[in-house]
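Please keep the sequence and the coordinates in view while reading.

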Amino acid sequence: PGAFYVNQYHNPDNIEAHYCTTGPEILAQVDGQLDAFVAGIGTGGTLSGAGKYLKEKIPGLRVIAVDVIGSIFYDWFTRRVLVAPQMYNVEGIGEDMLTGAMDFSVVDEMVQVDDRESFHAARRLCREEGLFAGGSSGSAVAGARKYQQRHLQTRRVVAIGSRTIGSTRS
């Protein structure tokens with residue numbers, strides 16, 4: 001009684017919330033100077049909402065989705081095939097179902113990372129930057145690094161995990 005089900009995985013308000021808040025916050029923090037926005041896909045709300053907002057404000061911005069190996073999103077994005085999900089240990093990103101709060105039309109490219117890469121990057125964030133971040137934030141940073149290694153002209157990148165925001169600059 002007196003409660004409601006947020007249904008963050010399929011609620012379009014999830015996307016709208018990040019469009020109205022997370023996107024403008026990132027834009028202000030980078031003074032409009034950004035080459036790529038990288039985020040893991042969990043519900044899809046952060047990536048879809050903030051990604052859409054940033055693309056509208058920054059010409060040429062690339063939105064990069066990060067998916068953990070074992071999740072279904074990568075195969076859906078690249079081949080439009082629903083595969084059987086596999087086990088993985090990273091929490092906060094990846095899924096065994098398509099979510100209504102994920103707008104794939106915002107995404108320019110998707111990068112896959114595995115558990116080892118994700119947790120290694122999370123430990124580096126702690127050790128080298130003093131950021132206590134979980135595996136999904138490690139996934140985002142590992143994905144951003146993979147993307148930057150393939151696109152050397154990409155200099156300014158914001159990577160966002162489930163709970164921690166970080167940036168990389170090469």
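Of the 170 residues of the protein chain, 49% are buried, a term that denotes under 20% relative accessible area with a 1.4 Å probe and protein chains only. The model is predicted: local features require pLDDT of at least 70 and side-chain atom pairs pLDDT 80 or more, whereas totals for chains, interfaces and linings use all residues. Residues are numbered from 1 along each chain as its sequence is written, and side-chain values use heavy atoms, with hydrogens and water left out.

The C-alpha trace spans about 50 × 35 × 35 Å along its principal axes. The radius of gyration is 15 Å, which agrees with the value near 15 Å for a compact globule of 170 residues; the radius is taken over C-alpha atoms, and the rule is 2.2 Å times the number of residues to the power 0.38.

The chain contains 6 helices and 5 strands, which are DSSP runs (helices H or I, at least four residues; strands E, at least two) numbered from the N terminus. Their order along the sequence is α-α-β-α-β-α-β-α-α-β-β.

Helix H2 (residues 22–29) and helix H3 (residues 45–57) have axes that come within 8 Å and cross at roughly 45°; axes are lines fitted to C-alpha atoms over the stretch in contact, with angles from 0 to 180 degrees between N-to-C directions. In contact (heavy atoms within 4.5 Å) are Thr-22, Gly-23, Pro-24, Ile-26 and Leu-27 of H2 with Ala-50, Tyr-53, Leu-54 and Lys-57 of H3.

Technical notes
Buried < 20%, exposed > 50% of the residue type's maximum accessible area, 1.4 Å probe, protein only.
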